[in-house]
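Let's take a walk through this model, looking at its salt bridges, its nonpolar cores and one of its strands. Have the structure open as you read.

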Amino acid sequence: MKEIAQILLFDREGRLLIYLRDNKPEIPFPDHWDFFGGHIEAGETPEQALVREVQEELGVTLAGWRFYRRYECLSGDAYPNIKHVFYARIDCVASDLTLYEGQRIAAIGRDERSEFRFANILAAILGDFVGSGLWPNPVDNSFRDIAAK
């Protein structure tokens, strides 16, 4: 089964950074919102894939993160997969970042998530995360030890 590493990446204001997937019919879930991350390559750990993917997609080197949860997706996605979901906070806002994959980046608050059409099971994952109470507040020093460089 394919494995994927994804991150709920929050900006300095406690908003979730997401990106709009390309509008190409040949890719799964074109024109849907997505989390940063991607496929785990042969020989990689989920953490190594996470760091590589965020670097490729945003040019950001993650200095730290926390594991949230593992999801086994047998339906609702383009193919069966295992998602390793992490979370972190970086000391910037969306306008500071350059998106290297996808159409555009957005930063959303926890109450705005229903306004976005997410790829595959990501809306459910986001709902679980909100329910966990882990979504950071705008001034939340608990993420200090997992900031990005």
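## Salt bridges

How many salt bridges does a search of the whole structure find? The search turns up nine, where a salt bridge means a side-chain nitrogen of Lys or Arg within 4 Å of a carboxyl oxygen of Asp or Glu. Keep in mind that this is a predicted model, so local features need pLDDT of at least 70 and side-chain atom pairs count only at pLDDT 80 or more, while totals for chains, interfaces and linings use all residues. Residues are numbered from 1 along each chain as its sequence is written, and side-chain values use heavy atoms, with hydrogens and water left out.

Start with R52, which forms a salt bridge with E41; their closest N and O atoms are 3.6 Å apart. R52 sits in helix α1 (residues 46–58) and E41 in the loop between β4 (36–39) and α1, so this pair ties together parts that are 11 residues apart in sequence. (Helices, H or I with at least four residues, and strands, E with at least two, are DSSP runs numbered from the N terminus.) R52 is buried, with a relative accessible area of 18%, whereas E41 is partly exposed at 45%. Here buried means under 20% relative accessible area, exposed over 50%, and partly exposed in between, using a 1.4 Å probe and protein chains only.

R52 also forms a salt bridge with E44, with the closest N and O atoms 2.6 Å apart. E44 counts as partly exposed, at 21% relative accessibility. Put together, E41, E44, R52, E53 and E56 are linked in a network of salt bridges.

Elsewhere, R69 forms a salt bridge with D128, and the closest N and O atoms are 3.1 Å apart. That pair links distant parts of the chain, with R69 in strand β5 and D128 in helix α2, 59 residues apart. Both ends are partly exposed: R69 has a relative accessible area of 37%, and D128 comes in at 31%.

## The nonpolar cores

In soluble globular proteins, nonpolar side chains tend to be buried together. A nonpolar core here is a set of buried Ala, Val, Leu, Ile, Met, Phe, Trp, Tyr and Cys residues joined through side-chain atoms within 4.5 Å. The largest one has 23 residues, and L8, L16, I18, F35 and F118 touch the most other members. The elements giving it two or more residues are β1 (2–10), β2 (16–20), β5 (66–73), β6 (81–89), β7 (104–108) and α2 (122–132). Of these, α2 supplies the largest share, five residues.

Apart from this core lies another, of 20 residues, including A49, F86, I90 and A94.

What about β2 itself: covered or open? It is mostly covered, with five of its five residues buried. L16, I18 and L20 point one way, and L17 and Y19 the other way. Leaving out residues up to four places away in sequence, I18 has contacts (heavy atoms within 4.5 Å) that include W33, F35, I105 and F118.

Strands count as paired if DSSP finds at least two bridges between them. β1 and β2 run antiparallel and are joined by two bridges, with L9 opposite L17. Their hairpin has five residues between the strands, and G14 takes a positive phi near 80 degrees there. β2 also pairs with β7 in the antiparallel sense over five bridges, and A107 in β7 is the bridge partner of L17. Strand β3 (residues 33–34) pairs with β2 in the antiparallel sense too, over two bridges, and its W33 stands opposite L20.
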